[in-house]
Amino acid sequence: MSAHLVAGELVLLVDRKDRRYLIRLEAGGEFHSHAGYIAHDELIGGPAGISLKSTGGATYLVVRPTLSDFVLKMPRGAQVIYPKDIGPIMMLADVFPGARVFESGLGSGALSTALLRAGAEIVGYELREDFAARAQKNVATFLGDAALERYHVELRDAYEGVDAIDVDRAILDLPEPWQVIPHLTPALRPGGVLVAYTPSIIQATRVRETLERGPYALAATVEVLHRGWHIDGHAVRPDHRMVAHTGFLTHARRIEDGAGD
C-alpha cells in the first residue's frame, strides 16, 4: 500500500459530528456536501490521516477505510452480517490462508470480503442473481478484481444439494440452515468447522438438533453484544445505546462418521 493516497482508491471522510462519507478518489473529482466541496486533487498524492476544510469551512478527517468502515457503508442488495459478528465468525470458523470455505447466503458480500481478505478461497452459493452480482462487486471494490479469482460464486439453492468437495470450513447464513447440513456434511472434511448465523433462537435450536444427529461434536451457540463507553475526563459511563441482538452463532466440528458413538 502506498504511503500516499492515489487516484482510484477508497477514502473515508469524517466530519466533526462523526458523519462518514466513503468516496473513491478520481483526478478532477469533487466531494460535495451541505458544507461545500473538497477537490479530490487536494487528497491525491497526500498522506492519509490529515484534516482538510471544505469550501464551506467544514473540517473533515481523511483516512483509508477499514473493512469495518466499508461493511457499514457498502452498497447493499441484502442485509449484511455486521462487523460485530464477522469478527467472531472468523475466529469460530478458524479461517486461515488457503482455507477452502463453503459459504451459502452471500447477501451483499460483507462476510465474503472478510474471508477473502484472510486468504481463503470461497465456493459460494447464492439463490438470487442480483445478490450474487452485488456481492462480487463489493468484493472487487474493496479488495480489487484479483480477489475474484478466489471467489467462485454459483447461482444455486443449497437446500437442494451441495456439490462442493473437500472444504475446510462452512458458513451458512440462510433461513433454514438445518436443511443444508445433511447435504454439506459429505463435502466438509473431518475436523472441519461449520458455523451457522441465525437471527432467532428457534432457528439456532433447529440447527443444534440437526448437529446432534451427527457426525458433529463440540457444538455451541453464542450471541455477541456490542456496547460502547462514554469517556470524557472523569465522566465515564456506558453509552445510552448499544448494538445488542443481531444473530446467534452456532458452531461445531465435523468428525469421522461413528466417532462420537
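**Strands, helices and cores**

Trainee: Which residue in S8 is the bridge partner of Arg100?

Mentor: The model is predicted. Strands S7 and S8 run parallel and are joined by 5 bridges. In S8, the bridge partner of Arg100 is Glu121.

Trainee: How many of the residues of strand S8 are buried?

Mentor: Strand S8 covers residues 121-126. It is largely enclosed by the rest of the structure, because the buried residues number 5 of the 6.

Trainee: What is the bridge partner of Ile171 in S11?

Mentor: Ile171 is one of the residues that touch the most other members of the largest nonpolar core. Strand S10, residues 167-172, is mostly covered, with 6 of its 6 residues buried. S10 and S11 run parallel and are joined by 5 bridges. In S11, the bridge partner of Ile171 is Val195.

Trainee: Which element gives the largest share of the largest nonpolar core?

Mentor: That core has 33 residues, and those touching the most other members are Ile86, Ile89, Leu111, Leu115 and Ile171. The elements giving two or more residues to it are helices H1 (67-73), H2 (83-93), H3 (110-117) and H4 (129-143), together with strand S11 (188-198). The largest share is 5 residues, and it comes from H3.

Trainee: How many residues are in the second, separate core?

Mentor: This core includes Phe102, Val123, Val162 and Ile181. In soluble globular proteins, nonpolar side chains tend to be buried together. The residues in this second core number 22.

Trainee: Which residues does Leu115 touch, not counting those up to four places away in sequence?

Mentor: Leu115 is among the residues that touch the most other members of the largest nonpolar core. With residues up to four places away in sequence left out, Leu115 touches Met90, Val95, Val101, Glu103, Ala120, Ile122 and Ile171.

Trainee: At roughly what angle do the axes of H2 and H3 cross?

Mentor: The contact is made by Ile86, Ile89 and Met90 of H2 with Ala110, Leu111, Ala114 and Leu115 of H3. The crossing is right-handed. The two axes come within 10 Å, and they cross at roughly 45°. That angle makes H2 oblique to H3, so the value asked for is roughly 45°.

Trainee: Which residues of H2 are buried?

Mentor: The elements covering them include H1, H3, S10, S11 and strand S15 (248-254). Asp94 follows H2 and has a positive phi, near 55°. The buried residues of H2 itself are Lys84, Asp85, Ile86, Ile89, Met90 and Ala93.

Trainee: Which are the edge strands of the open sheet of 4 strands?

Mentor: The order in this sheet is S2-S1-S6-S5, and the pairing is antiparallel. From one strand to the next, the twist averages 30°. An edge strand pairs on one side only, and those that do so are S2 (20-24) and S5 (50-53).

Trainee: Which residue in S6 does Asp15 stand opposite?

Mentor: Strand S1 (residues 10-15) and strand S6 (residues 59-63) run antiparallel and are joined by 4 bridges. In S6, the residue opposite Asp15 is Tyr60.

Note on methods
Residues numbered from 1 in each chain as written. Predicted model: local features only at pLDDT ≥ 70, side-chain atom pairs only at ≥ 80, totals over all residues. Heavy atoms only, no water. Core = buried A, V, L, I, M, F, W, Y, C linked by side-chain atoms within 4.5 Å. Buried < 20%, exposed > 50% of the residue type's maximum accessible area, 1.4 Å probe, protein only. Contact = heavy atoms within 4.5 Å. Pairing = 2+ DSSP bridges. Axes fitted to C-alpha atoms, helices over the stretch in contact; angles between N-to-C directions. Parallel < 35°, antiparallel > 145°, perpendicular 65-115°, else oblique. Left-handed = near helix turned anticlockwise from the far one by under 90°.
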